[in-house]
Amino acid sequence: MNKKNKILISACLLGCKVRYDGRDNLIDSNFIKRLQQQGRLVPVCPEQEGGLPTPRAPAEIQDKFPLRITSIDGEDVTPQFLSGAEKTLEIAQREGCCCALLKSRSPSCGNLEVYDGNFSDTIKAGSGATADELMRNGFPVYNERQLDQLIEFIELLDGGESDSGRRAS
């Protein structure tokens with residue numbers, strides 16, 4: 001594989017205990033393990049980059065235009081989410097990342113769907129602050145449910161040299 005194509009990844013997906021509840025979202029994927037061994041993954045937690053602690057109260061997007069994100073106890077955490085999105089974009093650009101693998105449904109990282117803002121475990125179409133910032137700046141964003149698409153994208157960039165196999169296992 002071509003080592004210059006780095007992938008920004010949500011740190012929680014690599015087993016870092018940075019989720020709001022102090023846990024992780026480790027994904028068991030040989031492809032991701034191989035990328036990690038090759039030094040191609042750039043882990044980041046946008047919420048920590050924005051200054052939020054771990055653990056922290058869960059947060060959800062209340063309004064999209066203008067963006068307003070609040071914690072379950074009503075605290076407006078929009079500034080921290082926006083700061084984290086900007087810092088994450090800077091990291092992706094500085095590290096020369098070609099794309100991002102982010103945690104689905106997160107108010108920062110969700111790329112296709114997020115929670116509806118009522119803290120009721122209801123999902124709606126939409127994207128988080130960091131995913132939006134990355135996509136606006138030309139970075140393809142995938143989530144952990146889209147590993148097959150990510151593999152195809154990386155194999156295209158690597159010129160078909162990948163030994164990853166065709167599945168995300």
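## What covers helix α1

The buried residues of α1 are covered by elements that include β1, β2, β5 (97-102) and α5, where contact means heavy atoms within 4.5 Å. This is a predicted model, in which local features need pLDDT of at least 70, side-chain atom pairs count only at pLDDT 80 or more, and totals for chains, interfaces and linings use all residues. Residues are numbered from 1 along each chain as its sequence is written, and side-chain values use heavy atoms, with hydrogens and water left out.

Which residues of α1 are buried? They are F31, I32 and L35; buried means under 20% relative accessible area, exposed over 50% and partly exposed in between, with a 1.4 Å probe and protein chains only. These residues sit on the same side of α1, because they cover an arc of only 95 degrees around the axis. The arc is that of the directions from the helix axis to the C-beta atoms.

After α1 comes G39, with a positive phi near 75 degrees. Helices (H or I, at least four residues) and strands (E, at least two) are DSSP runs, numbered from the N terminus.

Strands β1 (residues 6-10) and β2 (residues 41-44) run parallel and are joined by four bridges; two strands pair if DSSP finds at least two bridges between them. From β1 the chain passes through α1 (residues 30-37) to β2, a right-handed β-α-β crossover. Right-handed here means that, with the strands pointing away from the viewer, the path from the first strand over the helix to the second runs clockwise.

## C12 in its loop

C12 lies in the loop between β1 and α1 and is buried, at 8% relative accessible area. Beyond its neighbours within four places in sequence, C12 is in contact with residues including V18, D24, L26 and K103. C12 and K103 are 91 residues apart in sequence, yet 7.7 Å apart in space, C-alpha to C-alpha.

## Around β8 and α5

Let's finish with Q146, in the loop between β8 (141-143) and α5 (147-157). Q146 is buried, with a relative accessible area of 14%. Its side chain joins that of N111 in a polar contact of 2.9 Å. Such a contact is a pair of N or O atoms within 3.5 Å; within protein, one must be able to donate a hydrogen and the other to accept it, and residues adjacent in sequence count only if both atoms are side-chain atoms.
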